[in-house]
Amino acid sequence: MDFSFNEDQEMLRKTFRKFCDKELTYEYVRWMDENVDFPPEESHEAFGHLQRHGIDPIFLLAPTTRDERVERVAKLARGYVYYVSLKGVTGVGNLDLSDIEKKIPQLRKHIGLPIGVGFGIRDAATAHAVSQLCDGVVVGSRIVQEIEKSDEQQAVANVTKLVKELRLAIDQN
């Protein structure tokens with residue numbers, strides 16, 4: 001299937017080709033981070049580049065994602081699928097574990113890959129609880145917040161402490 005691209009998408013395609021043909025430099029890692037949620041409907045060309053370079057495409061699913069899209073993601077995804085546990089912006093809001101507990105079995109009907117859950121995981125207790133419901137726990141904003149509130153000399157130590165706490169809680173399973 002061939003898709004038509006607007007100017008922004010064309011720039012994205014060119015940048016993506018460059019990324020796949022070069023080593024992972026800061027610029028390209030930053031680009032990848034900003035484009036992690038490449039929609040499956042627009043991923044065909046990107047998927048080919050990723051495959052050739054041994055990089056798994058990780059697609060995001062939200063609480064509001066319809067079954068048709070889940071099925072499309074299930075066909076394209078490799079590695080794992082990232083379930084965004086909150087509606088809204090990362091790092092904000094409260095996590096409802098009962099919503100995750102209901103949604104993961106629905107996703108497993110379509111997805112044979114591991115399912116990682118992220119958004120709203122702020123502490124060891126939440127990481128532990130979420131790890132009981134899925135295959136992986138994704139923590140991003142909380143680590144960034146720890147870096148931002150730390151002085152330069154303590155940032156690594158503080159993040160290391162946080163990650164160890166999260167890991168120990170997850171390993172209690």
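**Figure 1. The whole chain at a glance.** Of the chain's 173 residues, 33% count as buried, where buried means under 20% relative accessible area, exposed over 50%, and partly exposed in between (1.4 Å probe, protein chains only). Please keep in mind that this is a predicted model, in which local features need pLDDT of at least 70 and side-chain atom pairs count only at pLDDT 80 or more, while totals for chains, interfaces and linings use all residues. Residues are numbered from 1 along each chain as its sequence is written, and side-chain values use heavy atoms, with hydrogens and water left out. The chain holds eight helices and four strands; these are DSSP runs numbered from the N terminus (helices: H or I, at least four residues; strands: E, at least two). Starting at the N terminus, their order is α-α-α-β-α-β-α-β-α-β-α-α. If we take contacts (heavy atoms within 4.5 Å) between residues at least 6 apart in sequence, 51% join residues at least 24 apart.

Figure 2. The predictor's confidence in each residue is its pLDDT, from 0 to 100. The chain has a mean pLDDT of 80, with 72% of its residues at 70 or more. Confidence is highest in α6, at 96, and lowest in helix α2 (residues 26–34), at a mean of 50. For residues 1–6 the pLDDT is below 50, and this stretch has five contacts in the model beyond near neighbours in sequence. Where pLDDT is low, the predicted coordinates should not be read in detail.

Figure 3. I100, K103, I104 and L107 are the buried residues of α5. Seen down the axis of α5, they fall within an arc of 110°, so they line one face of the helix; the arc is that of the directions from the helix axis to the C-beta atoms. Exposed residues E101 and K102 sit on the face of α5 turned away from its buried side. The cover over the buried residues of α5 includes β1 (60–61), α4 (67–76), β2 (81–84), β3 (115–118) and α6 (124–131).

**Figure 4. Inside the largest nonpolar core.** A nonpolar core is a set of buried Ala, Val, Leu, Ile, Met, Phe, Trp, Tyr and Cys residues joined through side-chain atoms within 4.5 Å. The largest one has 27 residues, of which L61, Y83, I104 and L107 touch the most other members. Two or more residues of this core come from each of α4, β2, α5, β3, α6 and α8 (155–170), and β2 gives the most, with four residues. Not counting residues up to four places away in sequence, I104 touches Y83, I115, V117, L133 and C134.

**Figure 5. Helix α4, inside and out.** V70, V73 and L76 are buried in α4. They cover an arc of only 130° around the axis, which puts them on the same side of α4. On the face of α4 turned away from its buried side, we find the exposed residues E68 and K75.

**Figure 6. A closer look at V138.** This residue lies in strand β4 (residues 136–138) and is partly exposed, with a relative accessible area of 21%. Leaving aside neighbours within four places in sequence, V138 is in contact with Y82, G116, V117, G118, F119 and I121. The C-alpha atoms of V138 and G120 are separated by 9.4 Å, the two residues being 18 apart along the chain.
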